[in-house]
Amino acid sequence: MAFKRVTLFRFFGFKVKADASWFFLAILISWTMSEKIYPHILAGQGQDTYQFMGILTVVGILFSIIMHEVAHAVIAEYFQMPISSITLFIFGGVAEMEGEPSNPRGEFFMAVAGPIMSALMGLFFWADANLYAEYIRPGVLPCVLKSLGNLNMMVAVFNIVPAFPLDGGRALRAIIWHYKNNLVTATRIASDCGAFFAYGLFGYACYELTVRDDTIAGIWWGLLGFFVHASGASAVRQMETRSLLGTEPVSRFMHNQVVTVSPDLLVADLVDHYINKHYQRIFPVIDNGALVGIVSLSSILSLDRHKWNWLHVASVMEPLTRSIVVKPESNAADALDIMQRKGRELLLVAEGGKFLGVITFRDLASFLTITIKIDHNKPVEKGRTAY
Ligand SMILES: [Zn+2]
């Protein structure tokens, strides 16, 4: 889902971002709870109270989802699988890992940590609801706490279904991976289970739409089925790509015929003497033999044209980060992964600060297309593990 993401805050050292779709979900949950659910389970309250309960529930759910993802992230870090950020999107959260899981044990424990945390949160909210109702007073707050307990339990149960890419499916993939010693096969089997589950969800959506005539529920179940189906399929594609690229190093695909520029160059000169001459859209910036950044046509076009005459490349370039530079001996599959995640068309190849060349998305894509064509009549798997 390509919605815009905004960083909300940091929690346990992880950056928590929200996909724009999450705001839609927040409004829908708040509305559903205050209009449809709470008036039934706690009758006799004013409209304001129900709205307040709806908002409180959304805050509680936000907290619960973050705790679920933090549980994944903490266990991932424990197994040396760095988590770059936690993103909240329409169906909950995603703890984004930099790269793929390194071993089945790590993936298994990382996967089950989330549902376990949700179940614990469920028990915690239920206990709070009972204690509050018993020792302070029953009513609004225990009712919200009880609902949050129920919702956490639902999240735990839903996620433990062995359908990839849900947590239970990831755990299943880790178990198959452990026994078959092949991540591609494991991903394919787990995502087949996921597809089977997705069809079940579609079926249930049709039942809600036709027999029960509940459009909202039908749309929700249908969307959920679509999500499980689409993300399972894309994970399999990604895994097959990895198996085709295997252990090829970045240097195999590297170009070194790249025009570089100096940080002191005027933007106007960059346009006249470099972009218009070499038709290159991205230039590495080299200062005294050391790679210092990257300057792109799109960043120049976003400037006011009159600034071109007095701004230098140094002030418009993008400084070096881990997501722009790779080493020549790095795995090409990892490089492709970074390009896809960060939406980059190329990465710079450098060693010890010295610029060596670039690796482009286009070259990797055409390599894959050709390899797939050549391998067309052979089985896709070649018994090699890319990890
Ligand atoms: Zn999870």
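**A guided reading of the model**

The chain has 12 helices and 10 strands, and the model that shows them is a predicted one. Taken along the principal axes, the C-alpha atoms fill a box of roughly 75 × 55 × 40 Å. Of the 387 residues, 45% count as buried. Among the contacts in the chain with a separation of 6 or more, 63% are accounted for by residues 24 or more positions apart.

His68 belongs to helix 2, which covers residues 47–78, while Asp167 belongs to helix 5, which covers residues 167–180, so the pair ties together parts of the chain that are 99 residues apart in sequence. His68 counts as buried because its relative accessibility is 5%, and Asp167 is likewise buried, with a relative accessible area of 8%.

What does Phe14 touch, not counting residues up to four places away in sequence? Its partners are Phe9, Val70, Ala73, Val74, Glu77, Ile83 and Ile86.

A pair of aromatic rings is described by the distance of the centres and the angle of the planes. The count comes to 10 aromatic pairs. One of them joins Phe158 and Phe197, whose ring centres are 5.9 Å apart and whose planes meet at 50°, so the pair is tilted. This pair links distant parts of the chain, with Phe158 in helix 4 and Phe197 in helix 6, 39 residues apart. Phe158 counts as partly exposed because its relative accessibility is 22%, and the buried class ends under 20%. Another aromatic pair, Phe253 and Phe367, is edge-to-face, at 4.9 Å centre to centre and with 70° between the planes. Here too distant parts of the chain are linked, since Phe253 sits in the loop between helix 7 and helix 8 (267–278) and Phe367 in helix 12 (residues 361–374), 114 residues apart. Both Phe253 and Phe367 are buried. Elsewhere, Tyr78, Phe79, Phe108 and Phe109 form one aromatic cluster.

The cysteines deserve a brief look. A disulfide is a covalent bond between the sulfur atoms of two cysteines. In this model the count comes to zero disulfides. Is Cys143 buried or exposed? Cys143 counts as buried, because its relative accessibility is 12%, whereas Cys193, with a relative accessible area of 30%, is partly exposed.

Several loops complete the tour. Asn181 has a positive phi of about 55° although it is not a glycine, and its place is in the loop between helix 5 and helix 6 (183–210). With a relative accessible area of 54%, Asn181 is exposed. Asp213, which is not a glycine either, has a positive phi of about 60°, and Asp213 is found in the loop between helix 6 and helix 7 (215–245). Asp213 is also exposed, with a relative accessible area of 60%. In the loop between helix 7 and helix 8 lies Asp264, an exposed residue with a relative accessible area of 58%. Asp264 and Ala314 are 50 residues apart in sequence, yet their C-alpha atoms are 6.4 Å apart in space.

Conventions: Residues are numbered from 1 along each chain as its sequence is written. This is a predicted model: local features need pLDDT of at least 70, side-chain atom pairs count only at pLDDT 80 or more; totals for chains, interfaces and linings use all residues. Side-chain values use heavy atoms; hydrogens and water are left out. Helices (H or I, at least four residues) and strands (E, at least two) are DSSP runs, numbered from the N terminus. Buried means under 20% relative accessible area, exposed over 50%, partly exposed in between (1.4 Å probe, protein chains only). Contact means heavy atoms within 4.5 Å. A disulfide is a pair of cysteine sulfur atoms within 2.5 Å. Rings of Phe, Tyr and Trp (its six-membered ring) pair if their centres lie within 6.5 Å; planes under 30 degrees apart count as stacked, over 60 as edge-to-face and the rest as tilted.
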